[in-house]
Amino acid sequence: MTWIFLTGGLVLAGLAVLAAAAARVVAAARGLNREIAQINEQFRLKEDLKG
């Protein structure tokens, strides 16, 4: 019975690690999306200034 609880605990710990990694990936993707949008806006402004 102890092995079942130990295995369950390890599974939950592994899922917590995966969830933390997934949260970091999502946060990094959002940051990258913001940077890309900002650069695209800069290019649009430069094209508008050219005429």
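**Overall form**

I began with the radius of gyration, taken over C-alpha atoms. The chain has 22 Å, whereas a compact globule of 51 residues would have a value near 10 Å; the globule rule is 2.2 Å times the number of residues to the power 0.38. I noted that this is a predicted model, where local features need pLDDT of at least 70 and side-chain atom pairs count only at pLDDT 80 or more, while totals for chains, interfaces and linings use all residues. Residues are numbered from 1 along each chain as its sequence is written, and side-chain values use heavy atoms, with hydrogens and water left out.

Next I looked up the box: along the principal axes, the C-alpha atoms fill roughly 75 × 5 × 5 Å. I then counted 1 helix and 0 strands. Both are DSSP runs numbered from the N terminus, helices being H or I with at least four residues and strands E with at least two. Helix α1 covers residues 2-50.

**Surface**

How much of the chain counts as buried? I found 2% of the 51 residues, with buried meaning under 20% relative accessible area, exposed over 50%, and partly exposed in between (1.4 Å probe, protein chains only). The accessible surface comes to about 4900 Å², and 69% of that belongs to carbon and sulfur atoms. These areas come from the Shrake-Rupley method with a 1.4 Å probe; for residues, only the protein chains shown count as cover.

I also noted a nonpolar surface patch of about 410 Å², made by V11, L12, L15 and L18. Patch residues have over 30% relative accessible area and no salt bridge; nonpolar side chains (Val, Leu, Ile, Met, Phe, Trp, Tyr) are joined within 5 Å, like charges within 9 Å.

**Charges**

Which side chains meet in a salt bridge? I found R44 and E41, at 2.7 Å from N to O, and the structure holds 1 such bridge. The term asks for a side-chain nitrogen of Lys or Arg within 4 Å of a carboxyl oxygen of Asp or Glu. The two residues lie in helix α1, 3 residues apart, about one turn of the helix. R44 is partly exposed at 47% relative accessible area, and E41 is partly exposed at 36%.

**Spacing along the helix**

I checked two C-alpha distances to finish. N40 and R30 are 10 residues apart along the chain and separated by 15 Å. E35 and E47 are 12 residues apart in sequence and 19 Å apart in space. E35 sits in helix α1 and is partly exposed, at 48%.
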